[in-house]
Each structure stands twice: as C-alpha cells, then as structure tokens.
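Let's take a friendly walk through this structure, with an eye on side chains and how they meet. Have the view open and follow along.

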Amino acid sequence: MLIVDSHCHLNFADFAEDRAAVIVAARENGVGVMQTICTNMAEFPEVQKIAAENENIYCSVGVHPCHVHEAPLVDVEDLLIGTMKPKVIGIGETGMDYYNDKGANKKGQQESFRRHIAVARETQLPVIVHTRDAEEDTVEILREESQKGSFPFLIHCFTSTQWLAEELRKNFDANLR
C-alpha cells in the first residue's frame, strides 16, 4: 500500500533542523509520496527546492488566506510562472479563513482565491482549498468561477458542516479531486 501525504509543510521552521530525518522517517513508515505546500510567495523558492532535491516530494505554489494581508495580492502571472517549475502539482493552499481574523480581510482573501482559481483553470492543476468559517462564500465563489470554465480542486482544512460537503458533491462532483 502506498501512503501519500498530500499536505505537509516541510519548509516550516519546525523541520529546519531535522527535515532530512523527517523525510526518512516518513518513508520508513510507508509514506511514499509527499506534497509540501506553499503558504506565501516568499517561501516558494524554498518549497520548490525541497521538492526538487527529494525524490517523490512534490509541491504547490500559492498564498494561504491567512497570509493574504502580508504582501500585495499575488499576481496571476506570478502563480503561472510558479506552476512551470518542476514538480509543482497544485495551486495554493488558498481559499478563505474567517476564523483567524474574524473576516477582517474578506475582500482580499476572496480576490486572492479567485486569482488562484484562474490559474487552476488555465493549467488544470488542482486548487488546494482552505475553508474555515467561510462556507457560503466558498461555495459562491466556486460557483461563479466554475461558470467561466472548469478547474479541478480539493478541499483542505475541512472543519465545516455537512451542508458544505453536500453542496460540494451536488454542484462540483466533477471538479473534486
């Protein structure tokens, strides 16, 4: 059986001193493939380097909703350039998180999410969607954006209700990965 860790953050400071040992331990425990996730564009070179230097480790490019306020909104072109790097297999993690900032930066998070979706639509790489306390807005944006053309996505950080799960299945079953 192959175990895939589809969402890890190997570039985080927690792993700086023993990243190699963490990767070895994962492999020894049956994890054959990992995807290390980008949470802001400043860290993308390191995330991409980790993937490039390690067999069966892949990465994503994007801006986590809780980091949207830290820099100007990511440009679609910058995301597209990132997707052209070797071993990039996803867009994000992106989406909306109204839990941490109580929705103070809703508009920025929503626009960032839409930009990530535009890149997913163009590249057909899946959007890694983080949604917390933002169910209705997540569904609304996915609906609006899917009318512009299809794009694959997966839901990460699912701390939501059955309503969201049912809405996603009912409306986007073909898009879900």
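## An aromatic pair

Phe151 and Phe153 are both buried. Keep in mind as you look that this is a predicted model. The structure holds one aromatic pair. The ring centres of Phe151 and Phe153 are 6.0 Å apart and the planes meet at 40°, so this pair is tilted.

## Lysines over tyrosine rings

Lys87 sits over the face of Tyr58, 5.1 Å from the ring centre. Over the face of Tyr98 you will find Lys106, at 4.9 Å from the ring centre.

## The two sides of helix α6

Which residues of helix α6 are buried? In this helix, which spans residues 162–172, they are Leu164, Glu167, Leu168 and Phe172. They share one side of α6, because the arc they cover around the axis is only 100°. An α-helix has 3.6 residues a turn, so residues three or four places apart point the same way.

The buried residues of α6 pack against β5 (127–132), α5 (135–146) and β6 (153–156).

## Salt bridges

How many salt bridges does the structure hold? There are 10. One of them joins the side chains of Arg19 and Glu46, at 3.4 Å from N to O. Arg19 belongs to helix α1 (residues 19–28) and Glu46 to helix α2, so this pair ties together parts 27 residues apart in sequence. Arg19 counts as buried, at 18% relative accessibility, while Glu46 is partly exposed at 36%.

## A buried glutamate

Finally, visit Glu43, in the loop between β2 (31–36) and α2 (44–53). Glu43 is buried but has no salt bridge. The nearest side chain of opposite charge is that of Arg19, 9.6 Å away. Leaving aside residues up to four places away in sequence, Glu43 touches Asn11, Phe12, Ile37 and Cys38.

Definitions and conventions. Residues are numbered from 1 along each chain as its sequence is written. This is a predicted model: local features need pLDDT of at least 70, side-chain atom pairs count only at pLDDT 80 or more; totals for chains, interfaces and linings use all residues. Side-chain values use heavy atoms; hydrogens and water are left out. Helices (H or I, at least four residues) and strands (E, at least two) are DSSP runs, numbered from the N terminus. Buried means under 20% relative accessible area, exposed over 50%, partly exposed in between (1.4 Å probe, protein chains only). Lys and Arg count as positive and Asp and Glu as negative; His and the chain ends are not counted. A salt bridge is a side-chain nitrogen of Lys or Arg within 4 Å of a carboxyl oxygen of Asp or Glu. Contact means heavy atoms within 4.5 Å. The arc is that of the directions from the helix axis to the C-beta atoms. Rings of Phe, Tyr and Trp (its six-membered ring) pair if their centres lie within 6.5 Å; planes under 30 degrees apart count as stacked, over 60 as edge-to-face and the rest as tilted. A charge sits over a ring if NZ of Lys or CZ of Arg is within 6 Å of the ring centre and within 35 degrees of the ring normal.
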